[in-house]
Amino acid sequence: MVSFNTQQLARATLISAALFQSATAVANITEDSYFYGQSPPVYPSPPQPGSASWATAYAKAVALVSQMTLEEKANITVGYTPMTGCSGETGSVPRLNWPGVCLSDAGNGLRATDFVNGWPSGVHVGAAWNRNLAYQRALHMGGEFKKKGVNVALGPVVGPLGRVAEGGRNWEGISNDPYLCGALAAESVSGIQTAGVMTSVKHYIGNEQETNRVPDGDVAAVSSNIDDKTLHELYLWPFTDAVHAGTGSIMCSYNRINNSYACQNSKTLNGILKTELGFEGFVVSDWGAQHTGLDSALAGLDVVMPESTYWGVNGGNLTIAVNNGSLTEARVTDMATRLISAWYQMGQDVDFPEKGIGMALDYSTPHTPIYARDPSSQTVLLNGALEGHVLVKNTNSALPLKSPKLLSIFGYDAVAPNKMDVPSPSDVIATWTFGFESLLTYVPFISTTAPPQIAINGTIISGGGSGANAPAYISAPFDAIKEQAYLDGTSLFWDFYDNDPAIDTSSDACLVFINAFATEGSDRIGLHDDYSDALIQNVAANCSNTIVTIHNAGVRLVDQWIDHPNITAVIFAHLPGQDSGRALVQLLYGYQSFSGKLPYTVAKNESDYVNAGEPILPEGEFQLFPQDNFTEGVYIDYRGFDQKNVTPRYEFGFGLTYTTFEYSELTIEKLAGVSTSYLPPPADVIEGGIASLWDVVAQVTATITNTGSVDAAEIAQLYVGIPGGPVRQLRGFSKVDIPVGSNVTVEFDLLRRDLSEWGVTEQSWVLQSGSYPIYVGASSRDLPLVGTLTI
Ligand code: NOJ
């Protein structure tokens, strides 16, 4: 939770407004585009549409809200200090039996409680590229939230999108490609909401770094200055998918967008979310992200967490504002209606458990145990963990392991976290205290001054902060390897704490485990660390079959040692959740083939990324109002590498399996009756925008043959070159199981939105006529099938 000095904030807001007035005079803020740094006013706030699939819930909400007094409506828009373990609770209306809602973190599992599972994190879901698995994970996870009486799950995360490679929260998100992120976020929304729990998709919008994410004294939060085209084509894209999937809530973020705080930005809330995207649900503030009273109400904020200084106790200041004519009662009615519609839409009026049941504020006090883990979740947890592992190097058939006689295991990340006093490499973690706070909330480290690059006291299964989950147990790599060694009669040798360990020369293989840690609240200080790199190099110097596994909460560079001839295999194991070790052993021993692919680019050098190493810091004359101009436009990650012709170490979409695949027979068919030009708003807006954006305008097929010697899954990817845009952009993917010697035909539907660009002049999506190169293949740089779609 964040606490603020409200007087300072009020002042900062006023100064911010003044700065905004003079911003046009300041060349380095505005020169890249007239749009940078300016957020146009969009009023009034559109009432909930209540259309189509929301009509019944909306009608019920209107009926209930019409019986409420102004005071009762205002009261349910603000948070109250919860008496349970909920992250937040709204007010209630006992007179009408409306209980209010409990909101809890997060997108990777319910945290701060017992009897729940620790699920794979967002980046792991991204690395699996599996729509159905993303849905199943969300459905099972959502069931746990419901059993604990949590009405709103605070996730999934689609922002940050990963613009800043060091971003402390990139791992909570799915991918820095908006198409992959949006597709899997939509499945996550559907899964959680099918379980009867609303999603609050976050953080809207431009929340790309932790540095200066919130105001600090006189310094305002960073302003993400994003031009209109980039906003639509990149950062808004996955939110659009989430709205299209029917999310009940969106969380506005801490940062400012074009110099206006996200929770009082009328352009992004009233204009884009509630008008353009036809959003039906309610906007909730991130915790402490509200900075004005009337302005935020007028700009489209509906619910404030965890309480509201500005709207006052019981939302009393909203009542005053209505009574003195500053705010219409209709706006307050809309806030209440949006919240209660979402509650009805998820069926929470029928048999929903008591808010936060079994989630004690303090778990060491007596509380009713609520067993939220469902036995049927086991397979989903294991598959979820399995599929997010990405194999990037495998020489001399190092993997799979074949009943080794002696395996040597090294590295701090091989074992479950503990409080052991381990040697502290001063350059990495000297200023950090260890604190593993039991499984109730998985916190591998507690910050004292600076973020650590690694979590040295044990393996990581999630990152840190509010997205950390509460695993029921942790299967660490060493735990699972011991079980397998027992079955195979393998001898094990281990040393987890020495970073230049002695090596038994009879080892069949040396497995080295390291991690790359990241947490909410701070950005990473680098993309690789010297301590772990030295460990790997030291082992490789004396072991000719060195296999490296990295549990990485974001990008981790490998160029310090990747070409070492003794390093035979490398795995990006990401953040698998509680079944980490169990899943890894399935892969290491070839019970399953690897099937994950990178949801981001691994560069050779940090400087190859847009803004790597430079989360914006306040400096110079603007230190009170940090400005971050997104001048690279849509060219983040592989879009930027392609544009600048920079060769990455491992490209976006890359990953090895234990077999080989061949691509053939590309077909491209344009469907009849496709008209070009732009779609004039506000034509036929459904959830997510203009309905015809979801029309299929072309279909592409390709055949994939498993030409190797084991059954495996392949992730086929389709990229399009939209005229005038990036060299290529992901616009389709399909993960298919293909038995040895068989082939499968994959089909991709290209929607109107997939081929359109945002027209700044038209203020709508434009489908241009012209030639669209179509590429199908195994990664963003391995695209054997090429054709052209003519529109
Ligand atoms: C702040 C975080 O930014 C957000 O993601 C989380 O849901 C809230 N805190 C509540 O814990």
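Strand E24 (residues 696-706) and strand E27 pair in the antiparallel sense over nine bridges, and that pairing is a handy way into this predicted model.

**The three-strand sheet**

- E24 and E27 belong to an open sheet of three strands with the order E20-E24-E27 and antiparallel pairing.
- Strand E20 (661-670) and strand E27 (743-751) stand at the edges with a single partner strand each, so one side of each has no neighbour in the sheet.
- From one strand to the next, the twist averages 20°.
- If you want a residue pair to look for, Ala-702 stands opposite Val-746 in E27.

**The four-strand sheet**

- Another open sheet has four strands in the order E26-E25-E30-E31, and its pairing is antiparallel.
- Its edge strands are strand E26 (729-738) and strand E31 (785-790), each of which pairs on one side only.
- Here the twist averages 20° from one strand to the next.
- Strand E25 (residues 712-720) runs antiparallel to strand E30 (residues 771-777), and four bridges join them.
- Within that pair, Val-720 stands opposite Ile-774 in E30.

**A hairpin with facing tryptophans**

- Strand E28 (residues 757-759) and strand E29 (residues 764-767) run antiparallel and are joined by three bridges.
- Trp-758 stands opposite Trp-765 in E29.
- The hairpin of E28 and E29 has four residues between the strands, and Gln-763 takes a positive phi near 55° there.

**The nonpolar cores**

- The largest nonpolar core holds 99 residues, and those that touch the most other members are Trp-98, Tyr-204, Leu-273, Trp-311, Ile-340 and Leu-730.
- Helix H13 (residues 329-345) gives this core its largest share, eight residues.
- The core lies between domain 1 (48-345) and domain 3 (659-790), because both give residues to it.
- Beyond its neighbours within four places in sequence, Ile-340 is in contact with Ala-61, Leu-64, Val-65, Met-68, Ile-76 and Trp-98.
- Apart from this core lies another, of 45 residues, among them Val-390, Phe-517, Val-602 and Ala-603.
- As background, nonpolar side chains tend to be buried together in soluble globular proteins.

**A buried asparagine**

- Asn-545 sits in the loop between helix H17 (530-542) and strand E17 (546-552).
- With a relative accessible area of 16%, Asn-545 counts as buried, because that is under 20%.
- A polar atom of the Asn-545 side chain lies 2.9 Å from the backbone oxygen of Asp-508.
- Leaving aside neighbours within four places in sequence, the contacts of Asn-545 are Ala-398, Asp-508, Ala-509, Cys-510, Asn-566 and Thr-568.

**Cis peptide bonds**

- The peptide bond from Gly-155 to Pro-156 is cis, with omega near 0°, and Pro-156 lies in the loop between strand E4 (152-153) and helix H7 (178-194).
- The bond from Tyr-204 to Ile-205 is also cis, with omega near 5°.
- Ile-205 lies in the loop between strand E5 (198-204) and strand E6 (223-225).

- Trp-129 is not a glycine, yet has a positive phi of about 50°.
- Trp-129 lies in the loop between helix H5 (122-128) and helix H6 (131-147), and at 0% relative accessibility Trp-129 counts as buried.
- Ser-403 has a positive phi near 35° and is found in the loop between strand E11 (390-394) and strand E12 (406-410).
- Ser-403 is partly exposed, with a relative accessible area of 47%.

Methods:
Residues numbered from 1 in each chain as written. Predicted model: local features only at pLDDT ≥ 70, side-chain atom pairs only at ≥ 80, totals over all residues. Heavy atoms only, no water. Core = buried A, V, L, I, M, F, W, Y, C linked by side-chain atoms within 4.5 Å. Buried < 20%, exposed > 50% of the residue type's maximum accessible area, 1.4 Å probe, protein only. Helix = DSSP H or I, 4+ residues; strand = E, 2+ residues; numbered from the N terminus. Domains from an automatic or database assignment. Contact = heavy atoms within 4.5 Å. Polar contact = N/O pair within 3.5 Å; in protein donor to acceptor, adjacent residues only side chain to side chain. Pairing = 2+ DSSP bridges. Axes fitted to C-alpha atoms, helices over the stretch in contact; angles between N-to-C directions.
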